[in-house]
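User: I am new to this structure. Please take me through one part of it closely.

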Amino acid sequence: MIRRPSPVGRHVLALALLVLAAPAIADAQALPGPTGRTLRFAVFGTAGLFTATAEDTFDAILDTRSGTDLGVGAQVAWQSGALRGLFVEFDASRFEETGERVFVHEGEVFPLGIPLTVSLTPIEVTAGYRLNQVRRTRGGVVASPFAFFGGGGVGSVGYSETDDEGEISERFTAWHVMGGVDVTVWKALQIGAEARYRWVPDGLGAGGVSDAFNETDLGGSTFRVRIGVGF
Amino acid sequence: MNVASFLRVTALAAGALVATAPLASQDAPPRRLKVADTGLPGIDLGLAPLARLDAIGGRTRLRDREARPAPWVAGRVLVKFRDRGHAEAVAIDPSADAEAAARLYRARGDVEFAQPDYRAHYDFHPNDPLFANQWNLSALSMERAWDVNPGATSAVIVAVLDGGLAYDTVAYQYNARAVSVGARRYPALGRVTVPFAAAPELTGPSRFVAPRDFIWDDDAPVDLDGHGTHVAGTVGQLTNNGIGVAGMAFNVRLMPVKVIGGDWDFIFGAPNEATTSVVAAGIRYAVDNGADVINMSIGFEGGGPLPAIEEALRYAVDRGAFVAVSAGNSFEDGNPVEPLAEIAARMNGVMSVGAVGRNLDRAHYSSSRTSVEIAAPGGDFRVGGDSGGVVQQTYDPIASAVDPLSSPVALYHAPRYDIFGYEAYQGTSMASPHVAGLAALLVQQGITSPAAIEAAIKRFATDRGAAGRDNDYGYGLISPRETLRGLGLTR
C-alpha cells in the first residue's frame with residue numbers, strides 16, 4: 001500500500017526542498033551583498049492559487065477548495081553585517097470566491113441556490129532567511145540572479161461570509177511558513193515563486209458546514225508568483 | 001373539523017362506526033352516477049373580505065397624506081469600527097439626517113463602514129385579505145420564508161392522502177340509504193344529485209395531478225367531508241391572488257388520493273372503507289404517480305403494528321418521497337400509542353407532526369409521546385376560540401351538511417359541495433400539512449432526499465418545551481426560513 005503524505009506534510013516537504021535547494025550557503029555568506037548596501041528593500045505583488053485545508057467545507061460551499069489569491073507586500077533584507085541574509089516581510093492578500101449555501105446530510109451536500117461569497121484577507125509578517133547568491137570572478141563579485149528565501153511568521157486572517165442576509169466578518173490569528181525563489185530578470189525587476197502554508201486554528205468549526213464536517217482550520221496553502229522591484 | 005369530528009373520521013377508517021347498520025338498504029344502488037360537468041364555479045362565502053379590503057384602503061389613503069417616513073430608524077446609525085468584530089448601533093440626534101451622520105463617520109480613519117439603520121421589509125407579502133387571520137403562517141414567519149422560496153413551483157407534486165379534495169366542478173347522483181346511530185334514525189333520501197365545485201382557492205391550470213379514489217374505486221376523489229380540502233389548502237392554497245387566505249407551498253401541484261371515507265361516503269354506500277390495505281395502496285399509488293411529498297393527516301384505531309403501512313412508507317421513501325403524518329389527537333383520551341406516528345419516528349424520511357396553538361404551546365389534544373418528531377401549528381380552540389384554529393378554504397359546513405350523523409334528524413338533508421367558506425379547524429391533521437408544505441419548498445430548494453429533508457427540518461427547528469427533543473414538541477417548532485437557507489461556511 002502506498003501512503004500519500006497528508007496535505008500539511010506535502011506543503012512542509014515542498015518548503016523544505018525549496019530551502020534546501022539553495023546552494024553553497026556557507027560560501028555565499030562569506031561574500032559581500034550583491035548591491036553593496038546593508039539593506040535591500042523590495043515591494044512586490046503576488047498572484048496565485050489558494051487551496052484550503054478544510055477541503056470538504058470549501059468544496060461544499062464553493063464546489064472547489066481552491067481559488068485565486070492576490071496580494072501585495074514589502075520586504076526588507078539585510079545584505080551585510082551580523083544580520084546578513086535575514087529579512088522581514090509584510091504582506092496582505094485576498095481570496096474571494098462565490099458559491100452557495102447548502103445542507104449537508106450524512107456527507108451528502110445539497111446546494112440550495114442561495115449565493116454566498118467567502119473571502120479571506122490575511123495580513124502577515126514573516127521573518128526569514130534570504131540567500132543572495134553571489135559568485136567570485138576575476139573581476140570581483142557578481143550577483144547571481146537567483147535568491148532563495150524561507151521563513152515563518154504570524155498574521156491575522158480576516159474572514160467574511162456574505163449572503164442575502166448580510167455579512168459576517170471575523171479575524172483570527174494565523175501562523176505560517178513560506179519559501180521560494182526570486183529571480184532578477186532586469187535591473188531591479190524580480191519575478192519569483194513562493195509556496196506558503198498557513199494554519200488558522202479554530203477559524204472554522206463553530207457552525208455551518210465546517211461544523212458538519214468537523215473541520216476547524218481556516219488555513220491552507222498558497223502557491224503564487226511574485227513580481228516586484230528591489231532596491 | 002374539530003377533534004371529535006376527526007376522531008370520528010378515523011373511527012370510520014377502522015370501520016368502527018357504532019350501530020350504523022342501514023335500516024332499509026336499497027337493492028344494488030348505483031355507487032354514484034356522474035350527472036354532468038356543471039362547469040359552475042363554487043360560491044365563496046368568505047369572511048367579509050371586501051370589508052377588510054376597505055379597511056386596508058382607508059389606511060393606505062391616510063398614509064398618502066402623511067410625509068413618507070424615512071427609510072431608516074431615527075436616532076442611530078450602524079458603525080463598524082476597525083478594532084471591533086462587528087457593526088454596532090451608535091446613537092445620534094433623533095432629528096439628524098442619518099445618511100449625513102453616516103457620511104461623517106465614514107470619513108473617520110478608525111471606521112470601516114457606517115450606514116443608517118435601514119428598515120427591512122418582506123420582499124413577498126401576500127395580498128390575500130384574510131392572511132392576517134392566519135396566525136399559523138405568521139408564527140412560522142412564512143413571509144420571510146417565501147423571500148427565500150416563493151411557494152415552490154409546479155415541478156413539485158404533493159399528494160394529499162385524505163378524504164378527497166374539492167378539485168372538480170361536477171355533479172354526481174348518489175343513493176342515500178337510511179342509517180341509524182344509536183336511537184337516531186336518519187331516513188333514506190333516495191337518489192340525490194349532489195353538486196361539486198372545485199375550491200376557488202385551490203384550482204388552477206394543471207393544478208391537480210392523477211386524482212384517484214380508493215374508497216369509490218375510480219378516478220374521481222371528490223371530497224364529501226371538507227377535511228381533505230382544508231388540509232390541501234394549508235399545503236397549497238392559492239396565494240397572492242387577492243382573495244382569501246394563503247398556503248405554505250402555493251405553486252405546487254396537488255395529487256388528490258382519497259383513502260378515507262366520511263359520513264356521506266358511508267351513507268351513499270361507498271364500496272370500500274378506509275383500511276390499512278386501502279391506505280397502503282394509496283401511498284404506493286402516490287409514489288408511482290410522481291409524488292415528491294405525501295401528506296397523511298389520518299390516524300388508525302388500535303395501537304397495534306401496521307406492517308403493511310410501514311412497508312408502503314418504506315416504498316415511498318426509497319423512491320424519494322417525503323411523508324408527513326399527523327401525530328394524533330388523543331392526548332386527553334389516554335394519550336394512546338399512535339401506530340402511524342410510531343412508524344414515522346423510526347423511519348428517516350417520514351415525520352410525525354404534533355400540533356401547537358397560537359400561543360405556540362402544545363395544543364390540548366396533541367399527542368405527547370416519543371413518536372412526536374416535530375411540531376407545527378394545528379390550532380387550539382381553547383386558546384383564542386375560533387381564532388385559535390387554522391383557517392383555510394373548505395366547504396361551508398351548513399350547505400355541505402358536515403357531520404350529518406351528529407346532527408338532529410330534523411335537520412338532516414342532502415349535502416352540496418359547491419359552497420365554500422374559510423373555516424377554522426384544529427387538529428394534528430392541520431399541523432401535518434404545514435410540514436408537508438415545508439418539505440415541498442425544500443424539494444424545490446434542492447434537498448431531494450427524504451431523509452435529508454427530515455434531518456434539515458429537525459436541525460433548524462426552534463426548540464420548545466424541555467431543552468432538546470421532548471414528547472410534546474419533538475425537536476421543536478418548524479423554522480421554514482432557516483431550514484430553506486441551510487448552512488453557510490461557518491454559520
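User: Which unit do β14(B), helix α10 (residues 339–345) of chain B and β15(B) make, and what is its handedness?

Analyst: They make a β-α-β unit, and this unit is right-handed. A crossover is called right-handed if, with the strands pointing away from the viewer, the path from the first strand over the helix to the second runs clockwise. Helices (H or I, at least four residues) and strands (E, at least two) are DSSP runs, numbered from the N terminus.

First, some ground rules. This is a predicted model, where local features need pLDDT of at least 70, side-chain atom pairs count only at pLDDT 80 or more, and totals for chains, interfaces and linings use all residues. Residues are numbered from 1 along each chain as its sequence is written, while chains are lettered from A and ligands numbered from 1 in the order in which they are written.

Now look at β14(B) itself. This strand spans residues 322–326 of chain B. Five of its five residues are buried. Buried means that 20 or more other C-beta atoms, placed from the backbone, lie within 10 Å of the residue's own; 12 or fewer is exposed, and in between is partly exposed. Both faces of β14(B) are covered. Phe322(B), Ala324(B) and Ser326(B) lie on one side. Val323(B) and Val325(B) lie on the other.

Next, the neighbours. Two strands pair if DSSP finds at least two bridges between them. Strand β13 (residues 293–296) of chain B pairs with β14(B) in the parallel sense, over four bridges. Within that pairing, Val323(B) is the bridge partner of Ile294(B). The chain gets from β13(B) to β14(B) through helix α9 (residues 307–318) of chain B, and this β-α-β crossover is right-handed.

Then comes β15 (residues 350–356) of chain B. It runs parallel to β14(B), and four bridges join the two.

Elsewhere in chain B, two helices pack together. Helix α6 (residues 227–236) of chain B and helix α11 (residues 428–445) of chain B have axes 8 Å apart, at an angle of about 35°. Axes are lines fitted to C-alpha atoms, for helices over the stretch in contact, and angles run from 0 to 180 degrees between N-to-C directions. In contact means that C-beta atoms, placed from the backbone, lie within 7 Å. Among the residues that meet are Val231(B) in α6(B) and Pro433(B) in α11(B).

Conventions:
Two residues are in contact if their C-beta atoms, placed from the backbone, lie within 7 Å.
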